[in-house]
Amino acid sequence: MSEDMLVYPTEKVVGVLDDRSAVDDLRQSLSEAGATDVEVLTGDTGEEQLDPKGEEHGALGKAMRTVQKALGDEAERLENLNDELGQGNAVVQAGLSAEDDDAREDEKRTIAGVMRRHGVRSIAFYGKNQIEELTLDA
């Protein structure tokens, strides 16, 4: 399996950005908010990384995606993100830097707010064994 396959964006806030021209401003704002490892997936390269069926990453990639599909909604979410890339949108993911649980919770909300202000939608936090939708009132 290739190193570039996105297995699961653990401990990251992830969302979809329709306006790819807003990426630089978004990156700057996320950095100022304390986000780490900000990554923006776009186009064919992004689709190859997401690879929701594992087809681009051999037998191990396919097996991993099959297990993910059987165990939860993670595979469906990857499919949806991949579809967004196919429509020309960007997938943005930002890691958290805080160590303390309360601080991480605050940082997660702050990063989601920054993303929202920059037009990012479908924002969710991908934690260890959980996916949490970060809605407007969250």
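Let's start with a charged pair: E11 and R104 form a salt bridge, with their closest N and O atoms 2.2 Å apart. The term here stands for a side-chain nitrogen of Lys or Arg within 4 Å of a carboxyl oxygen of Asp or Glu. This pair joins distant parts of the chain, since E11 sits in the segment before strand 1 and R104 in helix 5, 93 residues apart. R104 is buried, at a relative accessible area of 17%; buried means under 20% relative accessible area, exposed over 50%, and partly exposed in between (1.4 Å probe, protein chains only).

A word on the ground rules. This is a predicted model, in which local features need pLDDT of at least 70 and side-chain atom pairs count only at pLDDT 80 or more, while totals for chains, interfaces and linings use all residues. Residues are numbered from 1 along each chain as its sequence is written, and side-chain values use heavy atoms, with hydrogens and water left out.

Now to the sheet. Five strands form an open sheet in the order 2-3-1-4-5, with antiparallel pairing. Helices (H or I, at least four residues) and strands (E, at least two) are DSSP runs numbered from the N terminus, and two strands pair if DSSP finds at least two bridges between them. At the edges are strand 2 (36-41) and strand 5 (130-133), each of which pairs on one side only. From one strand to the next, the twist averages 20 degrees. Strand 4 (residues 120-127) is joined to strand 5 by four bridges, and Y126 stands opposite I131 in strand 5.

Two helices meet this sheet. Helix 1 (residues 23-32) lies across strand 1 (12-17), strand 2, strand 3 (90-95) and strand 4, and runs at about 165 degrees to strand 2. Helix 5 (residues 101-117) packs on the sheet as well, touching strand 1, strand 3, strand 4 and strand 5, and its direction makes about 160 degrees with that of strand 4. Axes are lines fitted to C-alpha atoms, for helices over the stretch in contact, and angles run from 0 to 180 degrees between N-to-C directions; contact means heavy atoms within 4.5 Å.

What about the nonpolar side chains? In soluble globular proteins, such side chains tend to be buried together. A nonpolar core is a set of buried Ala, Val, Leu, Ile, Met, Phe, Trp, Tyr and Cys residues joined through side-chain atoms within 4.5 Å. The largest one has 20 residues, and V13, L17, L26, L30, I111 and M115 have the most contacts inside it. Strand 1, helix 1, strand 3, helix 5 and strand 4 each supply at least two of its residues, with the largest share, four residues, coming from helix 5. Among the residues that V13 touches, not counting those up to four places away in sequence, are V92, I111, M115 and F125. Another core, of eight residues, lies apart from this one and includes V16, L85, V91 and A124.

Back to the charges: the whole structure holds seven salt bridges. R121 and E84 meet in one of them (2.7 Å, N to O), linking strand 4 to helix 4 (residues 74-86) across 37 residues. R121 is partly exposed at 29% relative accessibility, whereas E84 is buried at 14%. K108 also meets E132 (2.6 Å, N to O); K108 is buried at 3% and E132 partly exposed at 21%. Together with E105 and R109, these two are linked in a network of salt bridges.
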